[in-house]
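Visitor: Could you take me on a close look at one part of this model, and then show me what surrounds it? I would like the cut-offs along the way, please.

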Amino acid sequence: DQVLHIVPETFQQVQHLQHLCSSLLLDLWKPLLPEDIWAGEDLHIRVPAPLVQEVKDSLDQHMISYKVLISDVQELVDQSMRRERTSHTQVPEGYVYTQYHPMEEIYQWMTQIQKSNSELVTQHYLGKTIENRTMYYLQISQPSDKTKKIIWMDCGIHAREWISPAFCQWFVKEILQNYKSDPKISRFLKNLDLYILPVLNIDGYIYSWEKDRLWRKNRSPHMNGTCYGTDLNRNFNSSWGSIGVSYNCSSEIFCGSGPESEPETRAMAQFIERKKSDILCYLTIHSYGQYILTPYGSTTKPPSNSEELMRVAKKASAALMGKYGTRYEVGSTSLILYSNSGSSRDWAHMIGIPFSYTFELRDKGSHGFVLPPDQIQPTCEETM
Amino acid sequence: DIDGVGPKYHLELVLEDIVDEDSTVNCTAEVLYHLGNKNIAPDVQFTIEGELKNADEADNIFYSRIKSLENELVAENIPDSHGHVSPEMEPIRLLAWVASGYVMWQNSTENTKFQFAQIKHVKQVKRSDEYLEFDYMILLHEMVSQEIIPWQMTVLWHPQHGVQVTQDSRQPKHA
């Protein structure tokens, strides 16, 4: 069953919709009665599965545009009943994108995603973490004879920001579910390749599931194993160690023993460095705070293309707000947040990638890092 | 900047009711940071334009429920790792959040930004008088240093007399 969202534009359309609802006995969610359907007003109808195609065809015939609000009503019902997590959930056909998943399940998800979408998706090795776990990225690429520009997006640099890997998974799902039907997405893929890294800081992420929910850094040992973790987002070679960091391992913003001292940083940096002439845009996803941050954090001096960077970011913020009214502040880190050096976003821009942004997702602090799963969907939808 | 004392900020803000997001009230405030002595909390003067929404009914329901418990309330990890808070624990969380505001205020400087992160542990302390008392161990998140700071606080509450933090102390991060 699907729920469709329609905004009828003319009286004729209203009439047709009223006719459709009464003759097919469709389930009106909004408004409650067919006589309350008005032009210019939101209409939500639940269409039983066997009638979905017929209804969509009829809407197309009458030039009535619609959006799929809920693509599978049963799935939503099932998940809202699921409170306990079983340790053996599995395949993306039943993969619940509105819940947080432990790393084991994310690994399985990646394998499955490639298997079910092999014409578009390939899984690639990036490197190994300090605890020797393998990091993978997914390449979403439509076969073509021309080389395409690349958009890179990474999630999970900071372990406790669970909404971030959840977003990367959601993003991949959205692209794969809609690339055939959504003209915007198919145009995208004609000209661009998407490289998605669902979790960079795998060791940290696992640690936040098993030991300390609010862990941030990676798990590299220091001082003979008496202290752990480097802040990966202070470890890149962009004015490394200069400001907004600590040289002390016990700090959450410990920048490491040197730029790219951490295997996670090094693996990502080496890859991006190799591909940099083809990378158009670098995106890194964090939480929380609701910001779209532009370079730099290490200095208030604006980057060379700062006008264009801001223009694009402001458009993104407006589009985001258009969905649920959520406000995202836009600006350079050093001006609207705090100073920091060694961030991946600064580094990406410094090596020549023109568009480099950090997204800090929901919320503004009432839940902070521990964002409840019922916010996964709206957060991801608006960020899409 | 106020010479000899410190920077003063004039703020215009909107207060939003946590429980009923559509209920808002305008507020103006003046905050003065003491440059010289960082150990003094900033001065805050504020005016609320209008009235705060009445929460008497919910307050009294919560108050009676706790008063009638046979054993002292004990709980941990609110919210849990997935962000869930059970309905019975929601007032306990709100109380901690409000009380933590006092702790944050007392420990704020121009270079800190605190948020309430989680209740690690809470234990009710039975009293002979009409007040409810809770001993909390909470976690605060400080944005600039990104540190998670454990903080112990003793909180007194009564529907008519409001919230009071009678004792609080910063705890060492367990290395």
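Guide: Happy to. The largest cavity holds about 180 Å³ of space; a cavity here is a set of points on a 1 Å grid over the protein atoms alone where a 1.4 Å probe fits but cannot get out, and the volume is the space filled by probe spheres set on the points, with grid points joined across faces, edges and corners. Of the 22 residues that line the largest cavity, A:H286, A:L337, A:Y338, A:E360 and B:Q146 are the closest to its centre, where lining means having an atom within 4 Å of a point. The structure has 3 cavities of 30 Å³ or more.

A word on the ground rules. This is a predicted model, in which local features need pLDDT of at least 70 and side-chain atom pairs count only at pLDDT 80 or more, while totals for chains, interfaces and linings use all residues. Residues are numbered from 1 along each chain as its sequence is written, chains are lettered from A and ligands numbered from 1 in the order in which they are written, and side-chain values use heavy atoms, with hydrogens and water left out.

B:Q146 leads us on to the interface. Together, B:S81, B:H82 and B:Q146 supply 30% of the area that chain B buries against chain A, more than any other three residues. The area buried between the two chains is about 2,000 Å², with 54% from carbon and sulfur atoms; buried area is the accessible area (1.4 Å probe) that two parts lose on being put together, summed over both. In contact (heavy atoms within 4.5 Å) are 21 residues of chain B and 25 residues of chain A. The interface has 0 salt bridges, a salt bridge being a side-chain nitrogen of Lys or Arg within 4 Å of a carboxyl oxygen of Asp or Glu.

Now look inside chain B.

Technical notes: On a 1 Å grid over the protein atoms alone, a cavity is a set of points where a 1.4 Å probe fits but cannot get out, and a pocket is an open set with protein on both sides within 12 Å along at least five of seven lines; lining residues have an atom within 4 Å of a point.
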